[in-house]
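Have the viewer open as you read.

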Amino acid sequence: MRPRWHERTGGPDAAGPARVVAVTAVALIILGGCGTGGTDLAPLSGTVSLDGRPLEQGLVQFVPETGTGPASVGSITGGRFVAETAGRSGARPGRYRVRIESRAPPADETDTLPRSLVPERYGNPATSGIVYAVEAGRENEVEIALQGSR
């Protein structure tokens, strides 16, 4: 005869497989929202100029406006960038605050923070004044025009 607690739970033979399936399903649902996934990134690329001229080198970062989720980053080369999220091309759909960084080459080996080639306000997503909405299901091509050479 089975112990009383098995009768209440349906016994180990009846509940075991069902419980494993239920726990696995819940785990997959929860974990399904984590990471960057294969289909949740939308292409994001564009140009960055300073006073009408392409910014030769630097970094553009798209920080989620909500403060949650991964940022997307692109290296600027010759005024162009392609954004990546966690090493994969694209960005999650949503609204982003944008920051731009571009620095002069170091003056010497003691120059640990070379001068910025763009106005400092663009280096902070809270003060850059640049907001962009990435849309799902389309190519997101953005033109970022910075003003105020140094």
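## Starting at E101

Let's begin with E101, which counts as partly exposed because its relative accessibility is 30%. Keep in mind that this is a predicted model. The side chain of E101 meets that of R99 in a salt bridge, with 2.5 Å from N to O. Salt bridges with shared partners bring R103 in as well, so that R99, E101 and R103 form one network. R99 has a relative accessible area of 14%, so R99 is buried.

## Two salt bridges across the chain

How many salt bridges does the structure hold? The count is 6. One of them joins the side chains of R92 and D40, at 3.5 Å from N to O. This pair links distant parts of the chain, 52 residues apart: R92 is in the loop between β7 (88-89) and β8, and D40 is in the loop between α2 (11-32) and β1. R92 is partly exposed, at a relative accessible area of 22%, and D40 is also partly exposed, at 27% relative accessibility.

Another salt bridge has the side chains of R80 and E141 meeting at 3.3 Å, N to O. R80 sits in strand β5 (residues 80-82) and E141 in strand β10, so this pair ties together parts 61 residues apart in sequence. Both ends count as partly exposed: R80 has 40% relative accessibility, and E141 has 43%.

## Rings around F62

Now for the aromatics. Searching the whole structure turns up 3 aromatic pairs. In one of them, the ring centres of F62 and Y96 are 6.2 Å apart and the planes stand at 85°, so the pair is edge-to-face. With F62 in strand β3 and Y96 in strand β8, the pair ties together parts that are 34 residues apart in sequence. F62 is buried, at 0% relative accessibility, and Y96 is buried too, at 3%.

F62 also forms an edge-to-face pair with Y132, at 6.4 Å centre to centre and 70° between the planes. Y132 belongs to strand β9 and F62 to β3, so here the parts tied together are 70 residues apart in sequence. Y132 counts as buried because its relative accessibility is 14%, under the 20% cut-off. Taken as a cluster, the ring pairs link F62, F81, Y96 and Y132.

β9 pairs with β8 in the antiparallel sense, over 4 bridges. V131 in β9 is the bridge partner of R97.

## The nonpolar core

The largest nonpolar core holds 22 residues, and F62, F81, I100, I144 and L146 have the most contacts inside it. At least two residues of this core come from each of β1 (44-50), β3 (57-64), β8 (94-101), β9 (131-134) and β10 (140-146). In soluble globular proteins, nonpolar side chains tend to be buried together.

Leaving out residues up to four places away in sequence, I144 touches T47, V48, S49, V60, F62, F81, V98, I100 and I130.

## One buried threonine

Last stop: T85, in strand β6 (residues 84-85). T85 is buried, with a relative accessible area of 1%. A polar atom of the T85 side chain lies 2.7 Å from the backbone oxygen of G90.

Definitions and conventions. Residues numbered from 1 in each chain as written. Predicted model: local features only at pLDDT ≥ 70, side-chain atom pairs only at ≥ 80, totals over all residues. Heavy atoms only, no water. Core = buried A, V, L, I, M, F, W, Y, C linked by side-chain atoms within 4.5 Å. Buried < 20%, exposed > 50% of the residue type's maximum accessible area, 1.4 Å probe, protein only. Contact = heavy atoms within 4.5 Å. Polar contact = N/O pair within 3.5 Å; in protein donor to acceptor, adjacent residues only side chain to side chain. Phe/Tyr/Trp six-rings, centres within 6.5 Å; stacked < 30°, edge-to-face > 60°. Pairing = 2+ DSSP bridges. Salt bridge = Lys/Arg side-chain N within 4 Å of Asp/Glu carboxyl O.
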